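Welcome! Please take a moment to look over the structure shown here, and then read the notes below alongside it.

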Amino acid sequence: MADPKALYQEVILDHNRKPRNFGVLEGATHKAEGHNPLCGDHLTLTLKLDGEKVDAIAFTGESCAICKASASMMTAAVKGKARGEAETLIREFRDMATGTLDFATRPHHLGRLTVFAGVRDLPTRVKCAILPWHTLHAALNSVTSTSTEAEDDPMHAPIGDA
Amino acid sequence: MNATPTAFKDRSAALDVERIRADFPILKVKVGGKPLVYLDNAASSQMPQPVIDRLVRYQQFEHANIHRGVHHLSEVATGEYEEARRKLQRFINAREDREVLFTSGTTEGINLVMHGYGRKFIGKGDEIILTTLEHHSNIVPWQMLAEEKGAKIRVVPINDAGELLIDEYEKLFNERTKFVGVMHVSNALGTVNPVKHMIAFAHARGVPVLVDGAQAAPHLPVDVQDLDCDFYAFSGHKLCGPTGIGILYGKAATLERMQPFKGGGDMILSVTFEKTTYNTIPHKFEAGTPPIAAAIGLGAAVDYLSAVGMDKIAAHEIDLLNYATEQVNGVPGVRIIGTAEKKAAVLSFAIAGVHPHDVGTLLNQDGIAIRTGHHCAQPVMQRFKVPATSRASFAFYNSMAEVDALVAGIRNVQKVFA
């Protein structure tokens, strides 16, 4: 797209078209479902942890392109990483998407995931990008089901759609 | 509608869209440097300059509390507020002005009927008929009542075009049926429901009917006496008026039998700690200081709409809908959801392989405002097995060029996702 700030960059569209690690892991050690009731985005995440290391990770679900590409790139980013490193990425991604991390000047580990930085200018789309990360956080903490609208949810940021 | 080219041209000539657009200052707003194409009118409409001016004039020269003071400003404000009520009475052709209640909007109007009528007259084992098309605001209050009273909700199904199955509606009636709630025009699909027939059928069985007119009042001439509905609720902000104001029409005899919804000032005749005597209608239902400016603004809005002419508005919007339907149908990979024979100017659609939220974000980059989501009508989404739709909804100030912009925007979305 002509506008460099535009969200729908080729890398995002590519991950939407050909999502990586798409499917369900056999013999998963951790699993969680993520749901955004406001737009119907829904995804299931399965993980295999070898000790503290994310040995394998996969996702399935129905969602918008932003959510699907975010999930795809997330699985690629955390595969092989230690649980602590994954939790750091979750925090950094959330802070970038909500605009509290100035990723241009502050150190971070996001790499190409910064293509999602544009969502911070689209408040109604922030949750689409965050949902997979939110679900990963739940899976790592053995919470089997999570929603962007749960009241005790630390990532809860109400955005009207009703 | 007969859409012969001649009829089309004549009707368009009847409504000078460019002149009307000049009355709406917000239509000059640029979005990311592009002209705004506002196609989210079913969510909220825009306000013309005469209504804005009326609000300013009220605040500058006429404001005081109403029905209270003996001083000059209070009398002026009271007079203008009650005059606004009479304007709304004429707009929907109610018999009397006391049948027209000011509410905060459609939602409050329906809740008022639930509390004022439902809680008094609907009991255990009674049945309430609603339809699959209803907005959440005409579902949830009745569910709350059903839960409280042990009443039951029966739902009229729809066909694949998004039309109510009237045979099924008629079959739902039995001796326990106590109430019907139905929307006049579907916000999600645009279907115009045969409410007049449905009301007559219910009345023949002694059952009162509430019509949710939120999407009808802005788009078609509404005559509550002709419909013979018991209640008719709609919102000001979808009608070129301010937010925070709406109308509930109710038949006087029914309103008089009902219990008040909210207690407070202005809804009473006398208060002692032993006994309170309620005021007469409509005041019995207007506790507290109402949104006076908004009510007067809504009066100015229906003046404006009446001057343009609701018949002309409806005809122009049907032209827009027919043109948009034809153009969107011509784009491969786009499916229109809601293909009722009788529709108002709402076009819900799905682009194959693209989630509605992505459609909405990309159209916004072209300056086009549409609604994406479930439209507060999740049962409709479930019926069509989609999580959400993209919805363009038109108003009389929209132009054919804006339909072209929408169609170009849809093609652009497809290009991005190709």
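This is a predicted model: local features need pLDDT of at least 70, side-chain atom pairs count only at pLDDT 80 or more; totals for chains, interfaces and linings use all residues.

- Four strands of chain A make up an open sheet, and their order is S3-S2-S1-S4.
- The pairing in this sheet is mixed, and from one strand to the next the twist averages 20°.
- Strands of a sheet pair through backbone hydrogen bonds, and they can do so either parallel or antiparallel.
- Which strands of chain A stand at the edges? They are S3 (53-62) and S4, and each has a single partner strand, so one side of each is left without a neighbour in the sheet.

**Strand S1 and its partners**

- Strand S1(A) covers residues 30-36 and is mostly covered, with five of its seven residues buried.
- On one side, S1(A) is joined by seven bridges to strand S2(A), residues 41-50, and these two run antiparallel.
- Two pairs to look for here are Ala32(A), which stands opposite Leu45(A) in S2(A), and Glu33(A), which stands opposite Thr44(A) in S2(A).
- S1(A) and S2(A) also form a hairpin, with four residues between them.
- In the turn of that hairpin you can find Gly40(A), whose phi is positive, at about 85°.
- S1(A) is also joined to strand S4(A), residues 145-147, by three bridges, and this pair runs parallel.

- Helix H2(A), residues 65-78, lies across S2 and S3 of chain A.
- The direction of H2(A) is at about 170° to S3(A).

**Where the chains meet**

- How many residues does each chain give to the contact? Chain A gives 16 residues and chain B gives twelve residues.
- By class, the side of chain A that touches chain B has eleven nonpolar, two polar and three charged residues.

**The two domains of chain B**

- The domain assignment of chain B gives domain 1 as 5-35 + 309-416 and domain 2 as 52-307.
- Taken over C-alpha atoms, the centres of domain 1 and domain 2 of chain B are 28 Å apart.
- Their contact takes 21 residues from domain 1 of chain B and 22 residues from domain 2 of chain B.
- On the side of domain 1 that touches domain 2 in chain B, the elements giving two or more residues are H12, strand S14 (346-351) and helix H14 (378-383).
- H12(B) gives the most to that side, with five residues.
- By class, that side of domain 1 of chain B has twelve nonpolar, four polar and five charged residues.

**Two helices that cross in chain B**

- Helix H11(B), residues 292-308, and helix H12(B), residues 310-329, have axes that come within 5 Å and cross at roughly 75°.
- That makes H11(B) roughly perpendicular to H12(B).
- Leu305(B), Ser306(B) and Val308(B) in H11(B) meet Met310(B), Lys312(B) and Ile313(B) in H12(B).
- By class, this contact of H11(B) with H12(B) has four nonpolar, one polar and one charged residues.

Definitions and conventions. Residues are numbered from 1 along each chain as its sequence is written. Chains are lettered from A and ligands numbered from 1 in the order in which they are written. Axes are lines fitted to C-alpha atoms, for helices over the stretch in contact, and angles run from 0 to 180 degrees between N-to-C directions. Angles under 35 degrees count as roughly parallel, over 145 as roughly antiparallel, 65 to 115 as roughly perpendicular and the rest as oblique. Two residues are in contact if their C-beta atoms, placed from the backbone, lie within 7 Å. Ala, Val, Leu, Ile, Met, Phe, Trp, Tyr, Cys and Pro count as nonpolar, Asp, Glu, Lys and Arg as charged, and the others, Gly among them, as polar. Domain bounds come from an automatic or database domain assignment. A residue is buried if 20 or more other C-beta atoms lie within 10 Å of its own, exposed if 12 or fewer, and partly exposed in between; C-beta atoms are placed from the backbone. Two strands pair if DSSP finds at least two bridges between them.
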